[in-house]
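Here are my notes on this model. Please read them with the structure open.

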Amino acid sequence: MRPPTPEGISSLQSGSPEFTPTEAAAMEAALKAALEGPRGANPLVGAVVVGDRGQHLVTGFHRGAGTAHAEADAIAQAARNGIDLTGATMVVTLEPCNHCGRTGPCAQAIIDAGIASVVYAVDDPHDPAAGGAATLRAAGVRVRSGLGADAALDLNRRWFDAVAAQRPFVTLHIAQTLDGRIAAQDGTSQWISSPESLEDNHALRNRIDAILVGTQTVLVDNPRLTARDPNGQVTGKQPLRAVMGLRGIPDGAAVHGEDGQVLHLATRDPQEALDELFAAGVRHVMVEGGSLILSAFLAAGVVDELIVYLAPTLLGSGTLALGDLGITTLADAQHWDWDPAFGGAVQVLGRDLRLHLRPSRPAGRSGRGEAAFDSTATPTHELLPHRTGAHLATGGH
């Protein structure tokens, strides 16, 4: 069975005389390559460079915040393999960026590589990164946009929503038994997940900006909320530790750590918590629990990615992963799609299954995001106007 893909990839058409079948095929390959990357503070982006005979010279994708963007990844691969990109065409799923964040501007890298033509799917809504197309045109590069726009927007629709709403991208993580329990009746929960699942979760902690739990979890479990290796040693970049709830954090709680990088969010409202996290510079937050916090974020409709570690264990009683979501009839049920990005929708981790999902697109909506983001997908413009987006601290991709 083929893994699910964002709507429109498998049937991508050029849609305009401006785009050739070769460019359409390259965009389809770029969209598939984008799925190799992780979701989070930056969008999924893929890039394919096409030679003068229509051959795919090199393919790149973005591996997450702080790593080379898809365009730079493709150019670097070409350099390592002695491939000359002079006069070639780059096909990319998002407008090349135009700013220096943790990585250099892709527009300038494209110019320096001698690439003569760029085709991209959608404009970058992130203001600091926008403007790459104009820079390319000013340097004499031919720029066209709109090819594969619907598929590219669907690929990153929740990221576009987060940018438009000026809030962090939200990953919600649940480690549960087959019968949906996150703790036994006596409150014990270590360890429901396999060591392999725990290692995977700690790798995710290394990529996020903040990890969020409720005050009840701090009082009952006293978690450290750090990213650690299999030996329990703290590793790499550490997320901000955030605790949400009206009760204060005990002075001796392990969450304080040695660096004091803990933030108390004195609210029970997910939107207020996200506003405060965004103001603190957080662009990707992982919500870990307990059940009240998990349920509140799901009920508020602000979860962009769902990761469930499902252990082959039954308890029959204990704490359920989720509480009341305010749903009283099947017609109002939340629906989720299997997410093929970054390893696929289902992975086997030791004894566990890792399930990766994203919210289903509401019926009747196009792949343009579910919030206020408005992007022109008409594939007949040499250069589309930019939309106003949030001023983020991280790069556009």
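1. Which residue takes a positive phi just after helix 2? G82 does, at about 70°. Helices (H or I, at least four residues) and strands (E, at least two) are DSSP runs, numbered from the N terminus.

2. A word on the basis. This is a predicted model, in which local features need pLDDT of at least 70 and side-chain atom pairs count only at pLDDT 80 or more, while totals for chains, interfaces and linings use all residues. Residues are numbered from 1 along each chain as its sequence is written, and side-chain values use heavy atoms, with hydrogens and water left out.

3. Confidence. pLDDT is the predictor's confidence in each residue, from 0 to 100. The protein chain has a mean pLDDT of 87, and 85% of its residues reach 70 or more.

4. Helix 2. This helix spans residues 70-80. Its buried residues are A70, E71, D73, A74, I75, Q77 and A78. Buried means under 20% relative accessible area, exposed over 50%, partly exposed in between (1.4 Å probe, protein chains only). These buried residues pack against strand 1 (46-50), strand 2 (56-61), strand 3 (89-94) and helix 3 (106-112).

5. Cysteines. How many disulfides does a search of the whole structure find? It finds 0. A disulfide here is a pair of cysteine sulfur atoms within 2.5 Å.

6. Largest pocket. It holds about 1,300 Å³ of space. A pocket is an open set of points on a 1 Å grid over the protein atoms alone, where a 1.4 Å probe fits, with protein on both sides within 12 Å along at least five of seven lines; lining residues have an atom within 4 Å of a point. Grid points are joined across faces, edges and corners, and the volume is the space filled by probe spheres set on the points.

7. Pocket lining. There are 49 lining residues, and S189, T217, D221, P223 and E288 lie nearest the centre. Helix 7 (195-207) is among the elements that each supply at least two lining residues. The largest share, 7 residues, comes from helix 7.

Terms used
Contact = heavy atoms within 4.5 Å.
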